[in-house]
Amino acid sequence: MEWSVSSATNAYLDTLKLCNDEKRRQNSWKTPELESNEFISALAAGMKAKLIVEVTSGVSPSTIALAAAARQTGGRLVCILPERVLDESTKVIKDSGLRDMVEFKTGDPYELLPSYEKIDFSFVDCKTENYSRLVNVLDVNPRRSVVGLGGHVKGLKDKVEVRSIGKGMEVTMIGRSDDTDQKSDCSGRGGEGGGHSQGKRRGAKSKWIVKVDEESGEEHFFRMPSQIEKLKTHVHEFHKILITASLSFFAVADEVEAGGSNLCGADLSTFLPPPYSNMSNMICSPVWNTFSVRYTQNKDNVLTIILSAVYTTGWVGIGFSRDGMMVGSSAIVGWFNKQGHARIKQYYLQGTKTTQVIPDKGELPLTKIPSAVALHGATMYMAFQIKPEDRLTHQPILLAFGSGYPVHNRLTHHDDKTTILFDFSAGSVSTGSNGVVELKKNHGILGIVGWGLFLPCGAIVARYFRHKDPLWFYLHISIQFVGFIFGLATVVAGTQLYNKIHAHVRTHRGIGIFVLTLSILQVMAFFLRPNHEAKTRKYWNWYHHWVGRIALFLGALNIVLGIQIGNAGNSWKISYGFLLGAVLISVFALEALLFMRKSEKLNENPAFQMNPVM
């Protein structure tokens with residue numbers, strides 16, 4: 001079962017914030033530290049659950065938790081609850097900004113549940129009457145499904161193997177379903193079995209996990225069904241992932257609470273080999289999420305770097321770029337395979353596809369000191385040395401991670417990534433979200449609005465609406481002036497971006513400067529416009545029209561180049577493609593109308609002809 005680290009972490013933090021906000025609004029909510037809500041949200045999001053079903057007896061923080069998970073996975077939450085609490089629950093979800101994620105259903109859950117097939121994640125409140133019968137009617141997804149039972153479940157302590165996680169929390173492994181189906185009743189009296197299916201499902205093997213909150217005494221059970229024998233290994237692997245991921249969630253929460261101060265507090269001498277274990281005067285800087293960079297640079301320009309990040313599965317990488325972009329960069333990537341063996345390699349990022357990320361290639365000048373990777377608690381450490389020709393100061397750095405294991409050293413697609421500008425002379429960092437990436441996005445938006453929308457619209461008004469004299473003239477100069485301002489702002493943002501990352505994009509940069517020059521010439525031509533009666537007016541018209549058309553064509557071309565060079569993604573391509581298509585369709589339609597209008601005038605006013613002399 002594939003596990004998404006980024007979705008799980010984001011859902012965990014999202015739930016933590018939303019439940020705390022709701023607690024402040026409703027003092028009656030009891031939300032102890034690291035409660036089960038964050039746990040189930042992270043679990044549902046991490047396993048990429050699309051269809052989530054909850055059966056509850058009242059307004060519950062678990063509804064917010066599961067809705068937050070659905071927001072991360074792009075799925076939906078079906079919440080079945082009594083009609084008497086519908087209005088209150090709807091208000092809570094609406095106040096939390098999760099209304100679009102939740103579909104409320106009222107009525108008998110025994111009648112409603114059979115209409116939902118292949119449920120990825122289900123959560124049944126043990127306060128619901130005859131909860132075990134509800135579990136039996138769930139149609140779970142046989143490939144990936146978790147059934148959660150929430151409430152005061154008792155009578156299982158003699159069957160469990162307890163593993164501690166975080167502060168006051170436990171994750172417990174409980175045999176198989178045939179060992180527990182007489183023990184997992186909410187009341188502790190035995191019964192039909194906590195989620196053990198009847199009929200043809202009775203012989204199926206399942207693994208159970210229970211999460212215990214020692215502060216409230218509440219326990220939550222999770223069933224990982226293995227409907228066929230060959231899925232046993234996948235279930236066991238998911239259990240290991242869940243334990244490791246849980247450690248990561250609580251580690252992330254601790255870092256958020258401590259303001260990131262713990263990211264640099266580890267004693268490297270206890271787990272890293274020399275020379276990395278005995279480096280002195282290393283500077284440590286938290287850079288992104290749970291990523292931190294330790295480094296030291298000597299007088300010979302030898303740069304020692306130790307990258308650390310919370311690790312569950314998959315890989316972690318750091319790349320060095322000339323211009324802040326992925327293509328053409330070199331990266332160091334580390335991971336632990338399924339057998340627990342450490343791997344660290346250099347990769348050359350030839351393109352954006354996984355097949356273009358080439359192992360054992362790259363341009364980083366590594367020293368003869370072997371690179372190292374180690375796992376200490378829930379954090380992975382990658383250590384390596386490079387010796388560049390010149391001393392590194394401001395360097396664009398790429399950070400990324402993926403939850404899938406590399407296959408034959410081929411990396412899976414990343415779950416998340418960012419670009420930062422790291423200053424190795426001062427230990428400071430400008431994150432991609434607040435610096436380069438945001439500036440790159442603003443540069444693109446300004447260019448599309450100016451050269452993709454306003455300036456083409458101004459040209460359309462000048463060509464096709466001259467019969468609305470003098471309105472067309474005032475509209476034309478007003479729209480073109482606004483477009484010119486956006487175009488100028490685009491170039492200013494592009495210049496700032498170039499000064500930050502020194503991007504080697506000569507064609508894009510050159511076209512941008514040339515188009516700005518043409519725009520300035522057009523503005524100057526407006527003030528030098530001759531009168532209609534002047535003999536030079538037709539030459540001015542010819543110049544003004546064709547310079548404008550060339551500028552618009554080059555502007556559109558440069559937008560396409562910018563989207564391609566910046567690896568902006570399909571959303572940018574689709575958005576600009578839609579805008580460009582709308583402009584072209586409008587031009588074709590208006591050109592046809594203009595042609596018909598001219599034809600009608602010719603028919604109404606035929607050329608003068610003299611009668612022949614008789």
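Rings of Phe, Tyr and Trp, the last by its six-membered ring, count as a pair when their centres lie within 6.5 Å; planes under 30 degrees apart are stacked, over 60 edge-to-face, and the rest tilted. With that rule, W472, F473, Y474, F526 and F527 form one aromatic cluster.

Some housekeeping. This is a predicted model, with local features needing pLDDT of at least 70, side-chain atom pairs counting only at pLDDT 80 or more, and totals for chains, interfaces and linings using all residues. Residues are numbered from 1 along each chain as its sequence is written, and side-chain values use heavy atoms, leaving out hydrogens and water.

The search of the whole structure gives 14 aromatic pairs. One of them joins F320 and F384, edge-to-face, at 6.3 Å centre to centre with 85° between the planes. F320 is in strand β13, residues 315–320, and F384 is in strand β18, residues 379–386, so this pair ties together parts 64 residues apart in sequence. Strands here are DSSP runs of E, at least two residues, numbered from the N terminus. Both F320 and F384 are buried, meaning under 20% relative accessible area, where exposed is over 50% and partly exposed is in between, with a 1.4 Å probe and protein chains only.

W472 and F473 pair edge-to-face, 5.8 Å between centres and 80° between planes. W472 is buried, at 11% relative accessible area, whereas F473 is partly exposed, at 21%.

Last, charges over rings, which need NZ of Lys or CZ of Arg within 6 Å of the ring centre and within 35 degrees of the ring normal. R509 lies over the face of Y498, 4.0 Å from the ring centre. R549 has its charged end over the ring of W546, at 4.8 Å from the centre.

Definitions and conventions. Helix = DSSP H or I, 4+ residues; strand = E, 2+ residues; numbered from the N terminus.
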